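Keep the 3D view open while you read.

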Amino acid sequence: MNRIEIIEKIKKFNEEIHRENYQHLIGLKDELNETKIYEKYKDIFTKENIKFLQKLLEESSGIDKRKNNYLLSYLISNYVGLKISKISDEAAMYEARATVKIDGKEIPFRGLRKIVAEEPSKEKRDRIYEIERPVKQKLLQYSIKLLKEDLKIISQLGYKDYIKMNQSLKEVDYQRLMETLKPFLIDTDYEYTKLVNKLLKKYNIEPSKATNNDFVYMARSPQFDEFFTKEKLVETLKKTLLGLGFNLDKQKNIELDIEDREKKVPRAFMMHIKIPEEIKLVIKPHGGHDDYNSMLHEAGHCEH
């Protein structure tokens, strides 16, 4: 298989795998069947094609080298994806179907973030934190299993670890980056801690008793809701893009999905199913400034 053939097959694979993920993530289907799609295109993601690209990379320079590096990175990523797709599908289906019982009512796990963000009672947020713990523990076990498989597979490809692999493929010196960022973390630690404690005090939360759910609630910042209403979310998006030269009403290739489905993932995302013909901009509005921040952020990816 030559470079052009690989790229053409990748385009078809991309469309199918992204459409499958889109249907799952917006809550229209519990199952995620990446395994079936990976099997269909398994002739792309082979050691032979990876070695072919590695050789091509060594022989190229300038913009061609950058392109080949990007293509190699994609092949390796999906070579791993092919090997772990069954575990990944299982984990995704578990998360989509997981529910917890709160005050006698069955709640989808994916709907908890919205509930927590709007819950003013510290006691109830802590109760939800404990109730959702078993689901999070199960998902953590899936993550650990996937990570172990990832590391085993990339070592078989000749990479010592993730850092070495990404340093090679993304041309980033992570050691140097760490040394550059570390002084910033040290210099800002005191002020950051002081500000966080001040915020916790405002909500009558002891720092030692704060949980992730408390931060979800505080980040919600309902005091600003009058400026960030659900009704003006799409209108604000369209006006902002128009000011940048993009008329969303005329961009029929970009479809907005703002429906509040129970099993829809809580985070906003963009899905490029077919570029440039079919782009999805997805958000599950929960109210407030974060909806605007997420929508505008993902719109940037859509226009890109």
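D103 sits in the loop that links β1 (99-102) and β2 (105-108). (Helices are DSSP runs of H or I with at least four residues, strands are runs of E with at least two, and both are numbered from the N terminus.) This is a predicted model, where local features need pLDDT of at least 70, side-chain atom pairs count only at pLDDT 80 or more, and totals for chains, interfaces and linings use all residues. Residues are numbered from 1 along each chain as its sequence is written, and side-chain values use heavy atoms, with hydrogens and water left out.

Back to the backbone. Most residues other than glycine have a negative phi, and most peptide bonds are trans. D103 is not a glycine, yet its phi is positive, about 50°. D103 counts as exposed because its relative accessibility is 53% (buried is under 20% relative accessible area, exposed is over 50%, and partly exposed is in between, with a 1.4 Å probe and protein chains only). N204, in the loop between α8 (174-202) and α9 (212-220), also isn't a glycine and has a positive phi of about 55°. With 73% relative accessibility, N204 counts as exposed too.

## A cis bond

Which peptide bond is cis, with omega near 0°? That's the one from I275 to P276. You'll find P276 in the loop between β4 and β5.

Two strands pair if DSSP finds at least two bridges between them.

β3 and β5 (residues 278-282) pair in the parallel sense, over four bridges. In this part of the model, D257 stands opposite V282 in β5.

## The largest pocket

How much space lies in the largest pocket? About 1,600 Å³. A pocket here is an open set of points on a 1 Å grid over the protein atoms alone, where a 1.4 Å probe fits, with protein on both sides within 12 Å along at least five of seven lines; lining residues have an atom within 4 Å of a point. Grid points are joined across faces, edges and corners, and the volume is the space filled by probe spheres set on them.

Of the 43 lining residues, N14, H18, Y70, Y74 and H272 are the closest to the centre. The largest share of the lining, 13 residues, comes from α4.
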